[in-house]
Amino acid sequence: METHASYFDGRSSGSRQVVLRIEGSELRLHGTDAKECWPLKDVRLSMPLGSIRRAIYFPDGARCDVEDRHFALRIERIQGRGKFFRGIHSWENSLKLAFTALVLTIALVWGFIQFGIPELAERAAYAVPPVTETDLGQETLGILDKTFLKPSGLDAGRRSELKKLFDRVVLRLDAADRLYRLELRSSPRLGANAFALPGGIVILTDELVALAEHDEEIAAVLAHEVGHVRYRHSMRQVIQNSVVGLLVATLTGDVLSATSMAAALPTMLVDSKFSREMEREADDVAVEYLRREGETADRFASIIARLEKAHAGTAGQDSGGERSRIADYFSTHPATEERIERLRQGR
Amino acid sequence: MNPITVTCPHCGHTKDVDPRKIPADVKSALCRACERSFPFSHRMETDAFRAAVVGFQEEIPFVFTGKAREYFGIWIVNTLLKIVTLGIYSPWAKVRKRQYFYGNTQLDGENFDYMANPLVLLKGLLIAAVLFICYTVGSNYSPMLGIILGILFFLLMPWVIVRSRLFNNRNSAHRNIRFNFRPAYGEAYAAYAWLPILTPFTGGLLFPYVYYRQRRFLMENNLFGTSRFTFKARGKDFYFIALKTLGLGLLLIGGLAASTTMLMTGLLKAPSMSPVIAGIATPLAIIIGYFLVMIYAYVRTVNLTWNSTLLGENHFVSSLRARDMSWILLSNLAAVILSFGLLVPWASIRLARYRLNKLIFVAHGDLDHFRAAQLPETSAVGEEIGDIFDIDVAF
């Protein structure tokens with residue numbers, strides 16, 4: 001088997017036309033003034049790529065550019081090398097296979113964000129030392145106090161009642177793993193609300209206290225928040241969001257600007273709600289508390305129904321109507337009806 | 001009458017021609033063998049013509065033959081394998097990408113070649129990744145440590161740039177002659193550390209000069225085999241571009257301010273223009289205006305850099321146009337965003353084709369006389385550090 005090739009000796013930029021011939025296990029080079037012979041196992045081929053002609057590199061630094069694909073393939077076959085990149089090359093060149101690669105890539109990125117990151121975040125969250133978590137929570141509270149929250153307008157008597165209620169919830173749930181602390185605030189912007197920060201800080205708004213018809217309802221909400229702390233949901237959320245940010249940054253190429261996660265933390269906590277799975281976990285803790293108190297899950301179901309109604313009213317949303325399935329899927333908070341249904345069934 | 005022998009200066013193909021058949025006003029001839037034209041007049045005697053060829057300048061265009069469809073396959077397989085192997089494949093992906101672009105760039109019918117060993121790159125990548133993790137963890141742990149590490153990296157950067165260029169050039173070749181780079185660390189520290197530190201104290205006035213020094217450093221230390229590159233631009237050329245850019249910027253700001261005022265005061269009647277639309281349109285116009293000014297400055301400096309560069313006796317002509325470049329870059333950006341990144345390969349090919357189509361190598365004599373130099377092996381640490389921290393030294 002033989003072919004024509006351009007020969008570059010690697011010492012000067014001049015080229016000459018040569019004929020390459022495979023003779024047994026040797027590659028013979030017939031040039032205008034050169035006649036060389038190299039064992040096939042000593043020559044190296046460039047990777048097959050697109051429709052670029054293949055280069056044969058000789059041990060003395062010379063190179064031949066070969067137009068003939070089959071010739072290069074023949075050498076590789078005899079050498080028994082290059083299988084992997086031949087496979088890659090045919091993969092890249094087939095529209096169908098490239099499309100498969102595209103679908104696989106999208107599926108993998110989606111799967112990683114959906115399953116891989118939450119799993120990683122959970123492990124990482126449990127590995128965070130309690131001191132760091134407390135510091136982070138304290139810092140976040142400071143920023144929230146400057147932005148969304150105002151001091152509570154409740155009188156001292158009511159405040160101490162609520163603190164006692166919170167202590168009872170923590171005691172009932174045997175939650176001694178964290179330094180739990182209740183912070184009472186008012187927030188016209190956030191309305192009736194309660195949320196948990198990393199390290200065990202639980203924030204309760206005056207608006208929620210006003211909305212509750214019974215203290216056990218407030219206790220159920222607090223138990224729900226204690227559930228978020230118990231399962232490190234805030235920490236997991238923070239880690240998840242920063243990993244997603246890092247992933248996006250690496251894909252778009254801007255790595256250094258994604259390092260500061262502390263600045264984005266407060267808004268992230270308020271804006272992004274806990275994932276559906278996390279909400280269910282926390283709901284179960286609320287039910288666990290109510291059972292131990294001898295109450296039913298109805299207490300919790302009725303306050304979240306009222307919360308939903310209050311928020312739908314302020315946001316101008318359709319509260320009791322049917323939700324479209326798409327909207328339901330994309331909201332991270334499980335639809336309230338679904339949650340209430342689940343609570344009542346679990347009774 | 002005796003036939004005369006005409007020799008093609010490009011390929012040496014000869015042909016005997018009857019002088020009576022040559023038109024009187026002929027200025028150039030086309031070679032049948034290589035299909036390239038050369039200056040020719042019928043009064044030229046064969047020997048006189050040969051003599052003319054010695055001082056002959058030939059314009060050799062760069063030709064880019066990459067295809068978006070082909071590169072899409074390479075790009076998507078690279079992306080998938082990088083994800084599946086958790087990044088281990090990225091040196092191979094990088095080499096394939098570079099090889100595709102180099103291999104499809106031709107000068108005088110011969111393509112460029114990228115020969116980096118992915119295993120060497122992998123080693124560099126691992127070191128760079130360790131450094132990056134140190135930096136991230138360090139700066140999250142304590143801001144002070146972050147600042148110290150930042151200063152360390154700043155001091156390390158010129159070294160990284162030199163190593164990165166060394167590695168890259170030594171693994172790039174044309175006609176089997178490798179490029180090289182002179183490791184001028186002193187110059188690198190001046191251009192990338194000391195002068196940038198001084199710039200803020202001059203109110204930014206030093207910036208065009210610093211930029212000039214960086215371009216000069218990158219160009220002048222290149223070698224093709226044993227042939228040196230020279231850079232004949234002056235600092236004042238860069239100040240001239242800076243002034244023109246500034247002027248263009250002021251003109252755009254003025255225009256924007258005028259049109260906004262007219263819209264606000266109702267001088268220019270736009271009934272469909274609600275305040276909301278004006279509120280979106282104005283910042284958008286500012287962003288696009290900023291892009292256009294930056295692209296203008298970029299195109300001018302790229303042209304200046306190439307047009308001031310000599311390789312031995314040969315020189316380059318780059319004739320990029322700001323309006324073409326703006327159109328390509330802005331439409332590329334729109335296409336990439338609207339396709340969720342799927343048109344990235346198409347956009348890269350399109351940009352490379354435009355840039356290379358506008359680049360010409362003007363050769364004095366043939367391209368066969370370049371000589372190779374003896375080269376030691378180079379590690380890829382600098383290359384990969386430069387890559388992961390996004391230090392862009394390309395032009």
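Guide: Helices, of at least four residues, and strands, of at least two, are DSSP runs, and they are numbered from the N terminus. The model discussed here is predicted.

Visitor: In which loop is A:R232 found?
Guide: The residue A:R232 belongs to chain A. Its place is the loop between α7 (215-230) and α8 (233-252).

Visitor: What is the phi of A:R232, and is the residue buried or exposed?
Guide: Most residues other than glycine have a negative phi. A:R232 is not a glycine, yet its phi is positive, at about 55°. Buried means under 20% relative accessible area. The relative accessibility of A:R232 is 12%, so this residue counts as buried.

Visitor: Where is B:R175 found, and what is its phi?
Guide: B:R175 lies in the loop of chain B between β8 (172-174) and β9 (177-181). Its relative accessibility is 6%, and therefore B:R175 counts as buried. Although B:R175 is not a glycine, its phi is positive, at about 55°.

Visitor: How many helices and strands are there in chain A, and what percentage of its residues is buried?
Guide: Chain A has 13 helices and 11 strands. Of contacts in this chain between residues at least 6 apart in sequence, 61% join residues at least 24 apart. Chain A has 347 residues, and the buried share of them is 45%.

Visitor: Why does A:S186 count as buried?
Guide: A:S186 is part of strand β9 (residues 181-186) of chain A. Leaving aside residues up to four places away in sequence, A:S186 touches A:F148, A:L149, A:K150, A:P151, A:S152, A:D206 and A:E207. The residue counts as buried because its relative accessibility is 13%.

Visitor: How are α2(B) and α11(B) oriented to each other?
Guide: Helix α2 (residues 68-84) and helix α11 (residues 344-357), both of chain B, pack with their axes 8 Å apart, at an angle of about 130°. The crossing of α2(B) and α11(B) is right-handed. An angle of 65 to 115 degrees would be roughly perpendicular and one over 145 roughly antiparallel. The two helices α2(B) and α11(B) are therefore oblique.

Visitor: Which residues of α11(B) make the contact with α2(B)?
Guide: By class, this contact has 8 nonpolar residues, 1 polar residue and no charged ones. From α2(B) come B:A68, B:Y71, B:F72 and B:W75, and from α11(B) come B:V344, B:P345, B:W346, B:S348 and B:I349.

Visitor: Is α10(B) roughly parallel or roughly antiparallel to α11(B)?
Guide: Helix α10 (residues 322-338) of chain B packs against α11(B) with the axes 9 Å apart, at an angle of about 170°. Their contact includes B:W327, B:I328 and B:A335 of α10(B), together with B:A347, B:L351 and B:Y354 of α11(B). By class, the contact has 11 nonpolar, 2 polar and 3 charged residues. Angles over 145 degrees count as roughly antiparallel, and so α10(B) and α11(B) are roughly antiparallel.

Visitor: Which residues touch the most other members of the largest nonpolar core?
Guide: This core has 62 residues, and α2(B) gives the most to it, with 8 residues. The residues touching the most other members are B:F62, B:I76 and B:F361.

Visitor: How many residues are in the second, separate core?
Guide: Among the members of this separate core are A:A196, A:A301, A:I304 and A:I340. The number of residues in the second core is 39.

Definitions and conventions
Residues are numbered from 1 along each chain as its sequence is written. Chains are lettered from A and ligands numbered from 1 in the order in which they are written. This is a predicted model: local features need pLDDT of at least 70, side-chain atom pairs count only at pLDDT 80 or more; totals for chains, interfaces and linings use all residues. Side-chain values use heavy atoms; hydrogens and water are left out. Axes are lines fitted to C-alpha atoms, for helices over the stretch in contact, and angles run from 0 to 180 degrees between N-to-C directions. Angles under 35 degrees count as roughly parallel, over 145 as roughly antiparallel, 65 to 115 as roughly perpendicular and the rest as oblique. A crossing is left-handed if the near helix is turned anticlockwise from the far one by less than a right angle, and right-handed if clockwise. Contact means heavy atoms within 4.5 Å. Ala, Val, Leu, Ile, Met, Phe, Trp, Tyr, Cys and Pro count as nonpolar, Asp, Glu, Lys and Arg as charged, and the others, Gly among them, as polar. A nonpolar core is a set of buried Ala, Val, Leu, Ile, Met, Phe, Trp, Tyr and Cys residues joined through side-chain atoms within 4.5 Å. Buried means under 20% relative accessible area, exposed over 50%, partly exposed in between (1.4 Å probe, protein chains only).
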